[in-house]
Amino acid sequence: MTSVPEAAATCGTDPAGPGGRGPEQPADTGPRTGDGPPPWHGLTSLQVLRHLDSGPRGLVEAEAVERLAGSGPNTVPSWSTASWPRRLVRSLRDPFTAVLLCLGLVSAVVAAWGTASVILSLVVVSCVLRAGGERRADRSVAALRKLVATTATVLRRPAEDEPPRSREIPVDELVPGDVIRLGPGDLVPADVRLLRASGLTVHQAPLTGESAPVAKQAVDVPEPRGGLFDRPQLCFQGSSVASGSGTAVVVSTGPHTRFAATRSGPGQRVASAFDRSVHGISWVLIRFMLLTPPLVLMANAALRGRGFETLPFAVAVAVGLTPEMLPVIVTTALARGASLLARDHRVIVKRLPALHDLGAVDVLCLDKTGTLTQDRPVVHRALDARGEQDPEVLRWAGVNAWWTLHLADLPVPDALDEAVLDAVEEDEALEYDGVAALPFDAVRRLSTAVVRRPGRLGLHTLVVKGSPEDVLERCTLTEGERARLLALAAREAASGLRVLAVATSERRARDRAYTPVDERGLTLVGFVTLRDTLAPTAAEALEVLADRGVTVKILTGDHPGTAARACRDLGLDPGVVLTADTVDGLTDGELAVAARSTTVFARCAPEHKARIIAALRADGHTTGFLGDGVNDLPALHAADVGICPRDAVDVARESADVVLADKDLTAIAHAITSGRHSSVNIATYLRITLSSNLGNVIAMLVTGLMLPFLPMLPAQILVQNLCFDAAQLAFAFERLRPAALRAPTVLQPRYFLRFITGFGLLGAAADLATFGVLALALHDAAGSGQAAFHSGWFTENLLTQALVMLLLRTGRRAAEGATASPVRWAAAGLAVIGLLLPLSPLGPLLGMTALPVLYYPLLAAVLALYTVALVAARSRYDRPGTER
């Protein structure tokens, strides 16, 4: 029977082959300090038992209890979730939320209780929404957790002179030196050294990312091939038994296991794209807001002789410049997008800002297996010794796979044998009578079936299948012929195929058992090549990602040819493949340059993946990484967005920002689209509110210095802001044009500053034009005309803000949908309030009065000119190539 080590050695002369893990892994099973544990893989089983002061019969119960007190329980500390108070306090670290809190406290100090209560309410609502969204995400992830091992079968003796007894004990009671038994389906409860094994294969995907099980054997002097996880005599906590059985001694428990060591790896994550962009915009505006009140106070004191009585007005102006609804809009938009993703596509967003980061992703890094390809190979073709197609080779490979499976008493075939059996007719294997079988092991790297052929009385046929190097070594060939055949296998491997060699030999029938010594003097039949099965949705998902402006890069431990072939089969140009050895020879700057044009990085160890992602981020890209194993933790931390499937190892799910129900690129494409939808709506809100607010503030400061009275009362500014803020909540629910989702969305401070300055000055010009209109329509600006002036400007401000919402939004145009968008309804409501509020009974309470009829046609003319200017300016900003 073949297994993953066979697959790992079937790509020409490459010792790691497809599925390999690149450079040598660390040579220990846990952290070592001083006179710590020895390298267990370098000791025989007897030496390991002696070092642990144990034996094949296990520990005595009293000794196990004593060791448990010394070594501690066999548990890995779990990561706890934050409490509600901690989540609320953490929400205050958002710059805008902190500024709003300060402005609210200042408003309370100057007795502006209405302003203070509204601002503090917005702070509370924002913090509750954000904390609630994160709590719901944590509950969803907790529901996705898989069951973990809770018990282990251990051999222990009640007393020194009594025989051992097999019993189930809680996993946390295991200690070094315990002898345990493993069977199909068992989770390996600690790091162990095998004492005996029969057909044992282990899934190590949580540790190494390998998709297929690895063969394990209780060998004492193995060949030093591959890394630590390739050692056939070692099994590690976090892996699971796929087939076979074994007996092993525990060598490391609790925090000393390899699994536990990975949990203390990367520390605090660097700032994500969302953090960087929002903080950049925040501090630009914070400077404006901090400067505004002193400027207003000094200008009024110098030009109008007003003192601290203008402080409430100065605070109101600073609040007017603040996008106070930003925390609520951001949280609502992201929470709504996360909720829709979980409901419609079963994608859980654990950290709400990660949804914005998904929208900004322009480089997606992932492994090949499970995303581009399935965990199942298929036969590509069968070649004879001349390199020509020959179905006879596949037939003999099927005979080997069938009888090895049945005569070696193996529960299930491995992935390669299963592919061979799927490609041949069952009757072809049943034409022969099975005699004996020698299953695959990690040292020989081949399997042998002994059969009796019809009409060949007195003869047995050995059918051998395995690694080309090991099979050809046992064939009767000249050196030149062996070199030619190895080159043929290497060429097939270089094209991305897995290669199995098949050979036969006739022997006299006998009753004596067959051993590996009989695997000599073989005649090569040919080679069977296998390729990875493509994931059914991968090609379509890659097209969608390319349409969304996302570049896919493959970071894999596989053979370069295997990864490149999968890319070509899916229509993705692999270009020049970089291997880990090449990456090691590059500086960080050189790697960033190379990564721009490289699609496939092969033979990557965990540290290579993290370094490549860091280089991409340093080059200005926003990166996402899809991983599912403990070995992916460094890359998950290094990326802006860490993504993992539901069946990933626990520690990977805890580290990831986004959890997928299935390891499917289509789900990632949906998540990126949803992230962009939320991000575009947030960016639209920011552009509109900041430009409108800046225009209002500039106009109020100018007119405040020109008039003998305040241009607007603090209460009127507060009501205006409340109306505008309530209307802009509609941006969190706005529908978008598909074209708006085709490029990564990044909140770039420089672009925003240019945008809000341009449109803010345009808005200020409209406000100052309204000042002229009011001067024509009103004749007494010093008496009762103050109320009319306040009313006119209040109405104009809300109408211009409604126009800005309609003309500067990124949603659907009128011709693209018959259904009115939420922003249209909100803008219409804002305009109605602006026109009717001064005429309502609330008008006099707010210091406003009815306006003369002449005002309205003059205002309509100003609004018409303002609309033309907005449309012209918007067309300039919408030109292709304009920075967003």
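I began with helix H28 (residues 785-807) and H29, which pack at an angle of about 170 degrees with their axes 8 Å apart; axes here are lines fitted to C-alpha atoms, for helices over the stretch in contact, and angles run from 0 to 180 degrees between N-to-C directions. H28 and H29 are therefore roughly antiparallel to each other, since angles over 145 degrees count as roughly antiparallel, under 35 as roughly parallel, 65 to 115 as roughly perpendicular and the rest as oblique. I noted that this is a predicted model, in which local features need pLDDT of at least 70 and side-chain atom pairs count only at pLDDT 80 or more, while totals for chains, interfaces and linings use all residues. Residues are numbered from 1 along each chain as its sequence is written, and side-chain values use heavy atoms, with hydrogens and water left out.

I then listed who meets whom, taking contact as heavy atoms within 4.5 Å. From H28 I found, among them, Leu798, Leu799, Ala802 and Met805, and these residues are part of a set that meets residues of H29 including Ala827, Leu830, Ala831 and Leu835.

Next I looked at a nonpolar surface patch of about 340 Å², made by Val832, Leu835, Leu836 and Leu839. Patches are made of residues with over 30% relative accessible area and no salt bridge, with nonpolar side chains (Val, Leu, Ile, Met, Phe, Trp, Tyr) joined within 5 Å and like charges within 9 Å; a salt bridge is a side-chain nitrogen of Lys or Arg within 4 Å of a carboxyl oxygen of Asp or Glu. Areas come from the Shrake-Rupley method with a 1.4 Å probe, and for residues only the protein chains shown count as cover. I placed leucine 839 in the loop between helix H29 (822-836) and helix H30 (842-845).

I turned to helix H21 (residues 588-597) and helix H22 (residues 606-618), which pack at about 80 degrees with their axes 8 Å apart, and H21 and H22 are therefore roughly perpendicular to each other. Asp588, Leu591, Ala592 and Ala595 of H21 make the contact with Arg611, Ile612, Ala615 and Leu616 of H22.

Is leucine 616 buried or exposed? I found leucine 616 buried, with a relative accessible area of 2%, where buried means under 20%, exposed over 50% and partly exposed in between (1.4 Å probe, protein chains only). Not counting residues up to four places away in sequence, leucine 616 touches Val363, Cys365, Lys553, Ala595, His621 and Thr623.

Note on methods. Helix = DSSP H or I, 4+ residues; strand = E, 2+ residues; numbered from the N terminus.
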